[in-house]
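Visitor: I've got a fold on my screen and a lot of questions. Could you walk me through it in plain words?

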Amino acid sequence: MTAAAPGFLGFPDRLPGGRGPRIVLFGAGHGTTYPAADSRGHALAPDAIRAASRDDADLVEHWDFDLGGPLFDGGPACCIDIGNIPTAMRDNEGNRARIEERTRQVLASGAVPMLLGGDDSVVIPFLAGFADHGPVWILQIDAHIDWRDERHGERHGYSSPMRRASEMAHVAGMVQVGLRAVGSAREEEIDAARRYGSRFVTAREVHAHGVDAALRHIPEGAQVVVTLDCDGLDPGIMPGVAAPTPGGLSYTQAIDLIAGLGRRARIAGFDLVELYPPADAGGLSAVTAARLLVNAIGTVVRRG
């Protein structure tokens, strides 16, 4: 395990006094890279997000207006950052095995795993790691449905995470939010997702009807894994992505979705993927990603 940068918000890699963490953060730069693709840009994301959080590291006990109080809600710090899993571009099977194993280890400890990617392919082994902790629902925030069965002969790449998740026995259902414009999905992928029972909620529906347009599909009290692709947000606030698409969710809609989910259900895991630092002019996207992660941590803490 390596950490090229200090922990997110200055979090340690273990808590004092032998206390067990409530939340464990870890990064994975590479997942399953397509034969002709280069995932090195996405692999910069975990440490870029950590770096963007540094200015707030001394403010953890201050009032956070997104959360309605300090991050840990007046309690002791309960989050650690154990750094990045060693991954390598093209070591697809090895990367998947290490991500799944780390997720299983965190869950076995009783903590909530939070993964910083990496492209969307890291989501597949992350979700696979919940096999002994189901059933879980998936709330995906993304511009795309990611239902390709394969691309370039590869079935575990960044266009396939929700298709692979639909084949996992411990996944009870999914809600896909923020969909818009055009991506790799063809009519056959739309049909397959609908046959499975996936609930589509377009970005336009969220703009018109609010986040309840998505939350109403989540069973009350369910365990939910949130997978947040940065291109689910509007590129005006999240420009540092590989596929910027106008019309995405606002920052407020995204954090309202996370907070609303915390009130309705239980966040069992969270991943944030597809930040592409080479396209992140001024670091705005990394700052926004860091704030989204803060909101996820604060929501888990407040769920009790």
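Visitor: Which residues have the most contacts inside the largest nonpolar core?
Guide: Quick heads-up: this is a predicted model, where local features need pLDDT of at least 70, side-chain atom pairs count only at pLDDT 80 or more, and totals for chains, interfaces and linings use all residues. Residues are numbered from 1 along each chain as its sequence is written, and side-chain values use heavy atoms, leaving out hydrogens and water. A nonpolar core is a set of buried Ala, Val, Leu, Ile, Met, Phe, Trp, Tyr and Cys residues joined through side-chain atoms within 4.5 Å, where buried means under 20% relative accessible area, exposed over 50% and partly exposed in between (1.4 Å probe, protein chains only). The largest one here has 58 residues, and those with the most contacts inside it are Phe8 and Ile297.

Visitor: And which helix gives the most to this core?
Guide: Helices (H or I, at least four residues) and strands (E, at least two) are DSSP runs, numbered from the N terminus. With ten residues from the stretch 284–303, the top giver is helix 9.

Visitor: What does Ile297 touch, leaving aside neighbours within four places in sequence?
Guide: Contact means heavy atoms within 4.5 Å. On that count, the partners of Ile297 are Phe8, Phe11, Ile23, Leu25, Leu71, Phe72, Cys79 and Met114.

Visitor: How many residues of helix 9 are buried?
Guide: Helix 9 has 20 residues and reaches 29 Å from its first C-alpha to its last, close to the 28 Å expected; the expected span is 1.5 Å times one less than the number of residues. The helix is largely enclosed by the rest of the structure, because the buried count is 16 of the 20.

Visitor: Which residues of helix 8 are buried?
Guide: Helix 8 covers residues 251–264 and reaches 20 Å from first C-alpha to last, close to the 20 Å expected. Its buried residues are Gln253, Ala254, Ile255, Leu257, Ile258, Gly260, Leu261 and Gly262.

Visitor: Let's do rings. What kind of pair do Phe11 and Phe72 make?
Guide: Rings of Phe, Tyr and Trp (its six-membered ring) pair if their centres lie within 6.5 Å; planes under 30 degrees apart count as stacked, over 60 as edge-to-face and the rest as tilted. Searching the whole structure turns up six aromatic pairs. The centres of Phe11 and Phe72 are 5.9 Å apart and the planes sit at 50°, so this pair is tilted.

Visitor: How many residues apart in sequence are the parts this pair ties together?
Guide: Phe11 is in the segment before strand 1 (23–28), while Phe72 is in the loop between helix 1 (45–53) and strand 2 (79–84). Ring pairs also link these two with Phe8 into a cluster. The parts tied together by Phe11 and Phe72 are apart in sequence by 61 residues.

Visitor: Which residue lies over the face of Tyr34?
Guide: A charge sits over a ring if NZ of Lys or CZ of Arg is within 6 Å of the ring centre and within 35 degrees of the ring normal. At 5.8 Å from the centre of the Tyr34 ring, the residue is Arg151.

Visitor: Which side chain makes a polar contact with the side chain of Glu274?
Guide: A polar contact is a pair of N or O atoms within 3.5 Å; within protein, one must be able to donate a hydrogen and the other to accept it, and residues adjacent in sequence count only if both atoms are side-chain atoms. Glu274 sits in the loop between strand 8 (266–273) and helix 9, and its relative accessible area is 8%, so it is buried. At 3.3 Å, the partner is His42.

Visitor: How far apart in space are Asp64 and Val294?
Guide: Asp64 lies in the loop between helix 1 and strand 2 and is buried, because its relative accessible area is 13%. Among its contacts beyond four places in sequence are Arg291 and Val294. Asp64 and Val294 are 230 residues apart in sequence, yet C-alpha to C-alpha the separation is 9.6 Å.
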